[in-house]
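Welcome! Please take a moment to look over the sequence and the fold shown here, and then we can walk through them together.

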Amino acid sequence: MDSTASHTAQLQNWLALLKQGDEDARQRLIEHACERLRLLTRKMLRGFPRVCRWEETDDIFVEAVTKLHRSLKTVQPETPQEFYRLGATQIRRVLIDMARRYYGPEGLGANYLSAGPGPGTDRPPRYEQEDRGAKPSTVLEWSDFHRKVESLPDDEREVFGLLWYVGLNQIEAADALGISERTLRRRWQQARLRLYEAMDGQPPGE
């Protein structure tokens, strides 16, 4: 059994124990998936480039895993893909919250400390408005993109989530979903086309 199949089988085992009411299953489940969740966090953080200025992967990861652990009290994923989709949802929520925190009207990103008061003056430190003449990826664009991913049909969202967020290759994703590679490729193409049209052909940040 290869490492991916072994990982999936063990994950399924912990999910079954969680469903049976095993008190230790939640923590064991997260510990087992820890490295993949951290990699998922790192990949998703790249979709929020301005948040990268203020936060590191581990900061996002710790907050998201805390939320995931809490959510597993009431939500019981049936399959590994459902578990990772729940994990991606929690990571995405943390990223969007942080984006709003830093780039809202009073956020550090929108009004950052530029310089202290000059010599001989008691004026307060000066805060500059963010440079809006540049063209970095915007928080609103990426937030809108992630919301559109959530609105995809279930079968397309599952495929998109495993390939784009989790980082599985097409063979691994098809095996996890129990579908043929041909079906997976068709759903992947449909999901990308749907997102392309929803974003008016303009990827976030372009």
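Helices (H or I, at least four residues) and strands (E, at least two) are DSSP runs, numbered from the N terminus. Counted this way, the protein has eight helices and two strands. Please keep in mind that this is a predicted model. Starting at the N terminus, the order of the elements is α-α-α-α-β-β-α-α-α-α.

How much of the chain is buried? Of the protein's 206 residues, 41% count as buried. As for contacts between residues at least 6 apart in sequence, 58% of them join residues at least 24 apart.

In soluble globular proteins, nonpolar side chains tend to be buried together. Here, the largest nonpolar core holds 48 residues, and F83 and F160 are the ones that touch the most other members. Eight helices each supply at least two residues of this core: α1 (3-19), α2 (25-45), α3 (57-71), α4 (80-103), α5 (139-150), α6 (154-166), α7 (170-177) and α8 (181-198). The most comes from α4, which gives 11 residues.

Which residues does F83 touch, leaving aside those up to four places away in sequence? The list is L11, L15, L29, A33, L37, L68, L72 and P77.

**Where α2 meets α3**

Two packed helices are described by the angle between their axes and the distance between the axes. For α2 and α3, the axes come within 9 Å and cross at roughly 140°. Angles over 145 degrees would count as roughly antiparallel, so α2 and α3 are oblique to each other. The crossing in which α2 passes α3 is right-handed.

The table shows who takes part on either side.

| Helix | Residues in the contact |
|---|---|
| α2 | R26, Q27, I30, C34, L37, R38, T41, R42 and L45 |
| α3 | T57, D58, I60, F61, V65, L68 and H69 |

Sorted by class, this contact of α2 with α3 has eight nonpolar, four polar and four charged residues.

**A loop residue**

Finally, let us visit S180, which lies in the loop between α7 and α8. S180 and Q170 are 10 residues apart in sequence, and their C-alpha atoms are 9.7 Å apart in space.

Notes: Residues numbered from 1 in each chain as written. Predicted model: local features only at pLDDT ≥ 70, side-chain atom pairs only at ≥ 80, totals over all residues. Heavy atoms only, no water. Core = buried A, V, L, I, M, F, W, Y, C linked by side-chain atoms within 4.5 Å. Buried < 20%, exposed > 50% of the residue type's maximum accessible area, 1.4 Å probe, protein only. Contact = heavy atoms within 4.5 Å. Axes fitted to C-alpha atoms, helices over the stretch in contact; angles between N-to-C directions. Parallel < 35°, antiparallel > 145°, perpendicular 65-115°, else oblique. Left-handed = near helix turned anticlockwise from the far one by under 90°. Nonpolar A, V, L, I, M, F, W, Y, C, P; charged D, E, K, R; others polar.
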